[in-house]
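Please have a look at the sequence and the coordinates before reading on.

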Amino acid sequence: MRIDIITVQPGLLESPFSHSILKRAQTKGLLEIHTHNLRDYSTLKHQQVDDYQFGGGAGMVMMLEPVVNAIESLQAKVKYDEVIYLTPDGETLNQRIANQLSLKGNLLLLCGHYKGIDERIRIHFVTKEISIGDYVLSGGELAAAVLVDAIGRLIPGVLNDETSALLDSFQDNLLAPPVYTRPEEFRGWRVPDVLLSGDHKKIDNWRHDQALERTKERRPDLL
Ligand code: ADE
């Protein structure tokens with residue numbers, strides 16, 4: 001999969017993809033991430049990319065031309081399955097959306113800033129709008145990083161133990177069951193016997209029951 005990200009803050013996206021699982025995904029050749037500085041696509045003085053909004057009001061709006069230049073010059077090289085705009089008024093990201101996007105070939109992400117982007121970009125170029133939650137960030141970059149992380153780990157072949165993504169919270173609309181590691185006992189707090197039993201059928205059943213219990217208690221809306 002190839003992911004291109006258009007941003008006015010490329011510095012914010014330098015580090016999140018250079019660690020752990022996303023780093024491994026790139027090393028294995030399963031994921032390519034390219035960030036593009038929107039200012040490089042401005043034809044105006046001082047590489048301007050924002051302007052006052054028509055009708056008045058506080059806050060700047062990302063201009064049409066640099067964004068269109070950026071999108072079209074990338075589209076001339078890459079065929080994208082989706083052009084995704086990160087915005088608080090988009091569809092709220094969940095595991096189902098992450099699963100769907102992880103099966104795509106190429107994605108183009110557009111990070112908003114200021115008051116947002118000129119509406120005509122949303123109408124004519126954007127194919128999907130995603131929010132990472134009901135709160136407002138100062139820009140779409142951290143949301144893009146969250147989205148890339150959620151998608152990247154699901155790309156087939158990225159996780160070493162292929163089953164581990166299947167047991168994630170939300171994967172079956174259930175939260176994940178509790179997990180334990182060594183030691184078996186600490187301050188008298190014991191690991192549940194079933195996990196030490198070696199009986200995999202019993203362990204699977206226990207995990208499923210625990211996941212169901214936890215979901216009923218914490219997120220009944222998922223059931
Ligand atoms: N940009 C600003 N806030 C955002 C959010 N919650 N999700 C996605 N993009 C955003």
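## Ground rules

This is a predicted model, in which local features need pLDDT of at least 70, side-chain atom pairs count only at pLDDT 80 or more, and totals for chains, interfaces and linings use all residues. Residue numbers start from 1 along each chain as its sequence is written.

## Overall layout

The protein has seven helices and nine strands; these are DSSP runs (helices H or I, at least four residues; strands E, at least two), numbered from the N terminus. The domain assignment gives domain 1 (2–152) and domain 2 (169–222), with bounds that come from an automatic or database assignment. The centres of the two domains, taken over C-alpha atoms, are separated by 37 Å.

Along its principal axes, the C-alpha trace spans about 70 × 40 × 30 Å. The radius of gyration is 22 Å, whereas a compact globule of 223 residues would have one near 17 Å. That value is taken over C-alpha atoms, and the globule rule is 2.2 Å times the number of residues to the power 0.38.

## The five-stranded sheet

Five strands form an open sheet in the order E2-E1-E6-E5-E7, with parallel pairing; two strands pair if DSSP finds at least two bridges between them. Strand E2 (32–37) and strand E7 (128–131) each have a single partner strand, so one side of each edge strand is left without a neighbour in the sheet. On average, neighbouring strands are turned by 30 degrees against each other, direction ignored.

Strand E1 (residues 2–7) and strand E6 (residues 106–111) run parallel and are joined by five bridges. Within this pair, Ile3 stands opposite Leu107 in E6. Helix H5 (residues 141–152) lies across E1, E2, strand E5 (82–92), E6 and E7, and runs at about 155 degrees to E6. Here contact means C-beta atoms, placed from the backbone, within 7 Å, while axes are lines fitted to C-alpha atoms, for helices over the stretch in contact, with angles from 0 to 180 degrees between N-to-C directions.

## Two backbone details

Most residues other than glycine have a negative phi, and most peptide bonds are trans. Gln47, in the loop between E2 and strand E3 (50–52), has a positive phi near 50 degrees. The peptide bond from Arg182 to Pro183 is cis, with omega near 5 degrees, and Pro183 lies in the loop between H5 and strand E8 (185–186).

Technical notes. Contact = placed C-beta atoms within 7 Å.
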